[in-house]
Amino acid sequence: MSFFDFFKLPDINQELLAFHNTKEGVLLDVRTPEEYKEGHIPGSKNVPLRSLYEGTPAAQLQTPVFVYCHSGARSRQAVILLKKMGYTNVKNIGGIASYTGKVEK
């Protein structure tokens with residue numbers, strides 16, 4: 001891994017393929033409820049980053065969790081927090097701003 005790989009953001013479209021191929025995975029949107037209502041990826045669960053800091057569970061600790069936000073910054077924070085909370089299979093998949101699929105409202 002090079003120094004610049006640290007700054008490379010995940011490709012949400014590619015990562016969603018992995019989510020859809022993962023049995024019992026959870027797609028977690030950590031944006032605010034208002035942002036979620038404006039449009040979200042179908043099948044996602046909204047648990048705002050703030051709620052995670054307050055201890056709201058996202059899923060079972062062993063469940064594969066795929067986390068996204070608007071740009072990838074909050075989802076990166078959420079993944080770090082979820083790992084500290086004991087989640088063993090979490091992944092930042094980036095931001096919905098790069099999503100090319102259909103958005104649900």
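A polar contact is a pair of N or O atoms within 3.5 Å, and within protein one must be able to donate a hydrogen and the other to accept it. In this predicted model, such a pair is found at the start of helix α1, where a side-chain oxygen of D11 comes to within 3.0 Å of the backbone nitrogen of N13.

The secondary structure consists of four helices and four strands, and from the N terminus on the elements run α-β-α-β-α-β-α-β. The radius of gyration is 13 Å, which agrees with the value near 13 Å that a compact globule of 105 residues would have. Along the principal axes, the C-alpha atoms fill a box of roughly 35 × 30 × 25 Å. Of the 105 residues, 42% are buried. Among contacts between residues at least 6 apart in sequence, 67% join residues at least 24 apart. The chain exposes about 6500 Å², and carbon and sulfur atoms supply 54% of this area.

Helix α1 spans residues 12–20, and its buried residues are I12, E15, L16 and F19. Seen down the axis of α1, these buried residues fall within an arc of 110°, so they line one face of the helix. An α-helix has 3.6 residues a turn, so residues three or four places apart point the same way. The face of α1 turned away from the buried side carries the exposed residues Q14 and L17. The buried residues of α1 pack against β1 (26–29), β3 (65–69) and β4 (90–95).

Leaving aside neighbours within four places in sequence, E15 is in contact with P10, F66, K91 and I93.

In soluble globular proteins, nonpolar side chains tend to be buried together. Here the largest nonpolar core has 17 residues, and those with the most contacts inside it are L28, V30, L52, V65, V67, L82 and Y87. β1, α3 (49–53), β3 and α4 (73–84) each supply at least two residues of this core, and α4 gives the most, with four residues. L28 is in contact with K45, V47, L52, A58, V65, F66, V67, Y68 and L82, neighbours within four places in sequence being left aside. Apart from this core lies another, of 10 residues, among them L16, F19, L27 and I96. L16 and F19 also belong to the buried residues of α1.

Definitions and conventions: Residues are numbered from 1 along each chain as its sequence is written. This is a predicted model: local features need pLDDT of at least 70, side-chain atom pairs count only at pLDDT 80 or more; totals for chains, interfaces and linings use all residues. Side-chain values use heavy atoms; hydrogens and water are left out. Buried means under 20% relative accessible area, exposed over 50%, partly exposed in between (1.4 Å probe, protein chains only). The arc is that of the directions from the helix axis to the C-beta atoms. Contact means heavy atoms within 4.5 Å. The radius of gyration is taken over C-alpha atoms; the globule rule is 2.2 Å times the number of residues to the power 0.38. Accessible areas come from the Shrake-Rupley method with a 1.4 Å probe; for residues, only the protein chains shown count as cover. A nonpolar core is a set of buried Ala, Val, Leu, Ile, Met, Phe, Trp, Tyr and Cys residues joined through side-chain atoms within 4.5 Å.
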